[in-house]
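Please read them with the structure open.

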Amino acid sequence: MSNGISTRQNEESNIARLAAQRQLYRDVNRMEILNVVLTVAIPIGLSFVQDIVGWAKTAACIVSLVMLGLSLVIDSWQKEKKRLAATIQQEFDLDVFNMKWDRKLYGAQKNLNTAIAAASKGILSDEDEKKSLKDWYRPEVDALPREEGIAACQRENFSWDAGLRKRYQGLLAVILVLIILVQLLIGINKAEPIQEYLLRILAMSSALKWIIKTLVGINGDLKRMESIDRSVNSTDKKTIDDLAFTQKDIFENRKIVTKIPDWFYKLFKDNDEDRERRSLEMH
């Protein structure tokens with residue numbers, strides 16, 4: 001007997017929700033690319049040419065300080081977009097799982113139809129992209145009892161994410177260490193006084209701030225995910241109430257989770273999806 005998940009997830013209203021949240025996250029990603037270019041790439045680039053171009057050192061410091069302020073504006077804009085995308089995705093999940101919006105768990109529900117219509121328009125007009133939103137959750141979950149089907153979807157939503165964040169965290173940590181070491185070696189090679197080295201670091205302050213902020217954010221994400229992991233991967237039999245509390249944790253995490261770049265996600269997408277498919281077959 002079908003639990004209805006496959007049918008409900010492919011209804012036009014839910015495809016529109018998926019299109020809207022995808023576009024919103026895409027907007028966040030594009031703004032993050034701009035943020036990285038302005039706060040990381042340009043200051044680092046200027047810092048490496050400051051010995052060749054006389055004005056580069058001053059320009060690097062000015063740009064870095066200006067970008068520190070601009071990044072606060074970008075961060076605020078991104079937070080609003082992520083909260084809206086997370087709320088739309090929560091609406092999608094609850095409708096697909098045939099669960100009610102619990103005000104006590106999820107807060108007051110807002111009418112997001114206008115926001116969904118505006119954000120989904122571009123993707124829904126592209127037939128290939130629209131088609132890619134079909135079967136968001138694997139069709140295999142449809143044959144499971146309702147509670148088991150919801151639990152399987154929650155695992156699919158969550159389990160690949162922690163591993164992806166650990167990989168990205170490792171990459172950023174390596175980049176941070178390399179930046180500091182390279183600048184230190186340049187200073188030692190040139191026998192620079194400590195003031196010059198500190199000026200080099202100041203010239204990259206916005207870049208270092210972005211990297212450290214992202215590392216701290218991912219570390220917080222992973223700590224929150226530990227409790228979600230215990231819930232979604234528990235072998236205990238789950239009731240609808242248990243699943244509703246897990247859904248609350250997933251929702252809260254989505255609203256504040258650090259955005260991982262699309263290019264990094266795509267590097268591991270096929271491998272992670274294959275692992276989840278095999279995991280589902282074992283349940």
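**Notes on the predicted model**

1. Start with a loop residue. N98 lies in the loop between α3 and α4. N98 is not a glycine, yet its phi is positive, at about 60°. Keep in mind that this is a predicted model.

2. D135 is placed in the loop between α6 (127-132) and α7. Its relative accessibility is 37%, so D135 counts as partly exposed; the band for that class lies between 20% and 50%.

3. Now the overall fold. The chain has eleven helices and zero strands. Read from the N terminus, the order of elements is α-α-α-α-α-α-α-α-α-α-α. The chain has 283 residues, and 44% of them are buried. Taking contacts with a separation of 6 or more, 83% join residues 24 or more positions apart.

4. Next, the largest nonpolar core. This core has 33 residues, and F97, M99 and Y106 touch the most other members. Elements giving two or more residues to this core are α2 (12-49), α3 (56-96), α4 (103-106), α5 (113-124), α7 (146-189) and α10. The largest share, seven residues, comes from α2. Apart from this core lies another, of 24 residues; F158, L164, M225 and I228 are among them.

5. What does F97 touch, beyond residues up to four places away in sequence? The list is I5, R8, Y137, R146, I150, C153, Q154 and Q247. F97 also belongs to an aromatic cluster, together with F92, W136 and Y137. Q247, one of the contacts of F97, is among the buried residues of α10.

6. Aromatic pairs come next. The structure holds eight of them. One is W101 with F251, an edge-to-face pair with 6.0 Å centre to centre and 70° between the planes. This pair links distant parts of the chain: W101 is in the loop between α3 and α4, F251 is in helix α10, and the two are 150 residues apart.

7. Are the two partners buried or exposed? W101 has a relative accessible area of 17%, so it is buried; the cut-off is under 20%. F251 is also buried, because its relative accessibility is 2%. The ring of F251 has a charged neighbour too: the charged end of K255 sits over it, 4.6 Å from its centre.

8. Helix α10 can be checked for length. It has 17 residues (residues 240-256), and at 1.5 Å a residue it should span 24 Å. The end C-alpha atoms are 25 Å apart, which agrees. The buried residues of α10 are L243, A244, T246, Q247, I250, F251, N253, R254 and K255. Note that this list includes charged K255, the residue placed over F251.

9. Last, helix α5. Which of its residues are buried? They are I116, A119, S120 and I123. Seen down the helix axis, these residues fall within an arc of 95°, so they line one face of α5. An α-helix has 3.6 residues a turn, so residues three or four places apart point the same way. On the other side of α5, T114, A118 and K121 are exposed.

Notes
Residues are numbered from 1 along each chain as its sequence is written. This is a predicted model: local features need pLDDT of at least 70, side-chain atom pairs count only at pLDDT 80 or more; totals for chains, interfaces and linings use all residues. Side-chain values use heavy atoms; hydrogens and water are left out. Helices (H or I, at least four residues) and strands (E, at least two) are DSSP runs, numbered from the N terminus. The expected span of a helix is 1.5 Å times one less than its number of residues. Buried means under 20% relative accessible area, exposed over 50%, partly exposed in between (1.4 Å probe, protein chains only). A nonpolar core is a set of buried Ala, Val, Leu, Ile, Met, Phe, Trp, Tyr and Cys residues joined through side-chain atoms within 4.5 Å. Contact means heavy atoms within 4.5 Å. Rings of Phe, Tyr and Trp (its six-membered ring) pair if their centres lie within 6.5 Å; planes under 30 degrees apart count as stacked, over 60 as edge-to-face and the rest as tilted. A charge sits over a ring if NZ of Lys or CZ of Arg is within 6 Å of the ring centre and within 35 degrees of the ring normal. The arc is that of the directions from the helix axis to the C-beta atoms.
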